[in-house]
Amino acid sequence: MAPTNPNSEKILDFVVYKGNGIKGLVDTGIETVPDLYILPIEERLLPNNILPYDSIPVIDVSNWDDPKVKESICDAAGKWGFFQIINHGVPLHVLDAVKEAAHRFFGLPYEERNKYWAGNSPTDTVTLKTSFVPQAEAVLEWKDYLSFRCSPRDLESFPLWPPVCRRFADVMGDTTVDYRKYRLKKNLELQNSTHIYNCLMTVYRDEVVEYMENAKSVIRKLLEVLLEGLKVKQIDKAREYTLMGSPIVNLMYYPHCPNPDFTAGVRPHSDISTLTVLLQDDNGGLYVRATENDSWIHVLPINGALVINIGDILQIMSNDRYKSIEHRVVAKRSKDRVSVPIFVNPGPDAVFGPLPEVLESGEQPLYKEVVFSDYFKYFFSKKHDGKKSMDFARI
Ligand SMILES: O=C(O)CCC(=O)C(=O)O
Ligand SMILES: [Fe+2]
């Protein structure tokens with residue numbers, strides 16, 4: 001949607017078309033929020049609408065087989081659509097490393113970040129973007145993000161980029177890339193700044209992959225428990241593809257904002273995933289819708305915890321037993337916020353709809369069968385707009 005204000009046009013050009021992102025704009029030292037980012041009052045998160053004493057459930061998953069743990073997960077998925085898990089087994093250093101990677105990437109100079117800007121990136125498995133769908137938004141979101149497609153097939157292509165891996169393998173006298181050796185070498189290369197960028201880029205990949213690899217068993221467990229709650233006995237290969245065939249990991253970056261109350265880090269939306277595993281930092285700023293009448297609950301940061309939310313696909317598969325709840329993000333005034341969501345998405349050609357196990361007793365399906373890539377395209381054809389995407393599948 002083209003802005004009518006000439007200053008907004010300039011900002012749109014700088015941020016979106018020149019690929020500086022909101023990070024680039026903040027780096028120019030702006031002291032007020034530009035019009036292009038100012039939400040109408042009725043769309044802002046007002047303090048009166050925040051419920052100060054409520055919180056989403058926190059579930060200790062140290063014993064996944066405990067029936068009480070399973071019950072808490074399925075209950076939370078049905079009542080809240082959002083919960084945090086602790087003692088999930090993903091090491092703290094892996095979580096810290098991927099958050100640091102986000103800070104390092106967005107700390108790179110423009111020229112280096114821009115190599116991965118949508119359209120410039122050497123591979124479509126990694127792309128840098130800003131806002132959500134700038135072409136469809138009259139007001140932009142105060143965020144940039146580096147998005148990694150992480151299906152097994154995408155991961156196979158990772159060793160092909162960036163080329164420094166091959167160079168490193170040559171240097172180390174090794175024909176295969178050994179990432180531990182690479183990290184040691186990285187420290188040396190950091191002192192020799194000609195390779196700094198390539199080193200850093202590889203390290204992000206390393207850390208994203210490490211996070212994803214560690215999170216996989218948590219995702220699997222969660223899906224097993226949630227599907228058991230829907231009377232599905234076992235996740236076979238076809239179901240696995242429908243539930244988690246094409247995960248995406250985003251390094252989200254919300255630079256500090258002169259007046260975060262005026263703008264949206266992310267507008268209210270539900271995720272289109274089956275579920276989302278979100279690592280947030282200690283800044284806070286994520287809010288979950290509490291009721292239909294516009295009240296919101298802050299998701300308190302807990303060190304080492306992962307925030308789990310049910311996405312539209314699982315709501316559809318469960319025929320509304322589980323809920324994909326709207327959430328939104330508000331940036332910080334003096335700190336740069338990062339988060340790392342894993343969107344556990346179906347494979348592109350997977351077809352989903354209410355599960356036969358759920359409809360077994362004669363219940364009417366509330367949704368039709370949909371191909372995931374169609375749902376995905378629809379979601380990315382418009383601005384974040386609450387739960388409207390679900391209309392695409394509703395009967
Ligand atoms: O950054 C966050 O805490 C949440 C981001 C989010 O909701 C999304 O990207 O869908
Ligand atoms: Fe989200």
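Visitor: Hi! What is the order of the eight strands in the open sheet?
Guide: Hello! In this predicted model, the eight strands run in the order 1-2-10-7-12-5-4-3, and their pairing is mixed.

Visitor: Which strands stand at the edges?
Guide: Those are strand 1 (58-60) and strand 3 (126-130). Each has a single partner strand, so one side of each is left without a neighbour in the sheet.

Visitor: And how many degrees does the twist average from one strand to the next?
Guide: The average is 25 degrees.

Visitor: Which helix packs on the sheet, touching strand 1?
Guide: Helix 3 (residues 67-79) does, and it also touches strand 2 (82-86) and strand 10 (306-310). The direction of helix 3 makes about 155 degrees with that of strand 1.

Visitor: Do tell me about strands 4 and 5. Do they pair in the parallel or antiparallel sense?
Guide: Antiparallel: strand 4 (residues 144-149) and strand 5 (residues 248-254) pair over six bridges. Within that pairing, Tyr145 stands opposite Met252 of strand 5.

Visitor: Changing topic, which residues are around ligand 1?
Guide: Met252 turns up again here, along with Val266, Asp271, Leu278, Gln280, Leu286, His327, Val329, Ser339 and Pro341. Strand 7 (275-280), strand 11 (327-329) and strand 12 (337-344) are the elements giving two or more residues to this shell.

Visitor: How does that shell divide into nonpolar, polar and charged?
Guide: Six of its residues are nonpolar, three are polar and one is charged.

Visitor: Last one: which residues of helix 13 are buried?
Guide: In helix 13 (residues 372-379), they are Phe372, Tyr375 and Phe379. Seen down the helix axis, they fall within an arc of 65 degrees, so they line one face of helix 13.

Visitor: What covers them?
Guide: The cover includes strand 13 (351-352) and strand 14 (370-371).

Note on methods: Residues numbered from 1 in each chain as written. Chains lettered and ligands numbered in written order. Predicted model: local features only at pLDDT ≥ 70, side-chain atom pairs only at ≥ 80, totals over all residues. Pairing = 2+ DSSP bridges. Helix = DSSP H or I, 4+ residues; strand = E, 2+ residues; numbered from the N terminus. Axes fitted to C-alpha atoms, helices over the stretch in contact; angles between N-to-C directions. Contact = placed C-beta atoms within 7 Å. Near = placed C-beta within 6 Å. Nonpolar A, V, L, I, M, F, W, Y, C, P; charged D, E, K, R; others polar. Buried ≥ 20, exposed ≤ 12 C-beta atoms within 10 Å, placed from the backbone. Arc of directions from axis to C-beta.
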